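The stops below are meant to be selected in order.

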Amino acid sequence: MAESPFPQITLVRHGETAWSRSGQHTGRSDIPLTPEGEEAARALAPRLAARAYAEVWSSPSGRAATTCALAGFGDRRATDPDLAEWDYGAYEGRTTKAILAERPDWRLFRDGCPGGETAADVGARADRVIARARARDADLIVFSSAHVLRVLAARWIGLEPQGGALLVLGTASVSVLGYEHDRTEPVLRAWNG
């Protein structure tokens, strides 16, 4: 990918946890990284070292903090509660398959979670993060979880929060938000790498 003259926001999803492996919704539960997740987080360090980041932002979760530290940024980590993963409410710890067995037409990004957040709720948090990032106008790196990062990316490119359903993120993946011709053209510069 060609280098950009404009600021970029690098998004890093945390490494694997037992629940991300099993497909359980992990919002506010603080599930630690698996040994494989720790190894993948360490492997991020050389991939992320090529760029200088003005600030390092992170979800408050332990899985994001550990990924951040193992990737070499733990000493610079600033916690942002707006980067917390989606609050799944009654669906915390449950798999989509189990939820669909009870509620066959359920879709997270369309319906949200009973006792938890809707896509609009997560979108409002993402909008605050974006406003702070654009005001900072510098290269940033963000460590968090899949669904909140998907909503953040959707909002960055002007989609409704539900547009995050179209973007998939693997564990320990790296994505980049940026601009094309000028700051009025936000784009996804890289996704799920």
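Predicted model: local features only at pLDDT ≥ 70, side-chain atom pairs only at ≥ 80, totals over all residues.

For the largest cavity, whose volume is about 50 Å³, select Pro 7, Gln 8, Ile 9, Ala 133, Arg 134, Asp 137, Ala 138, Trp 156 and Tyr 179, which form its lining. Colouring that lining by residue class gives six nonpolar, one polar and two charged residues.

Next, select Ile 9, Trp 57, Val 129, Ala 133, Leu 140, Val 142, Leu 152 and Leu 177, which line the second largest cavity. Helix H6 (119–136) and strand E4 (140–144) are the elements that each give two or more residues to this lining. The space inside the second largest cavity is about 30 Å³, and its lining comprises eight nonpolar residues, with no polar and no charged ones.

Now move to helix H7, residues 146–156, which is largely enclosed by the rest of the structure because ten of its eleven residues are buried. Show the side chains of the buried set, among them His 147, Arg 150, Leu 152 and Trp 156; Leu 152 also belongs to the lining of the second largest cavity, while Trp 156 belongs to that of the largest.

Finally, step just past the end of H7 to Gly 158, where phi is positive, at about 90°.

Technical notes. Residues numbered from 1 in each chain as written. Heavy atoms only, no water. 1 Å grid on protein atoms, 1.4 Å probe; cavity = no way out; pocket = protein on both sides within 12 Å on 5 of 7 lines; lining within 4 Å. Points joined across faces, edges and corners; volume = space filled by probe spheres on them. Nonpolar A, V, L, I, M, F, W, Y, C, P; charged D, E, K, R; others polar. Helix = DSSP H or I, 4+ residues; strand = E, 2+ residues; numbered from the N terminus. Buried < 20%, exposed > 50% of the residue type's maximum accessible area, 1.4 Å probe, protein only.
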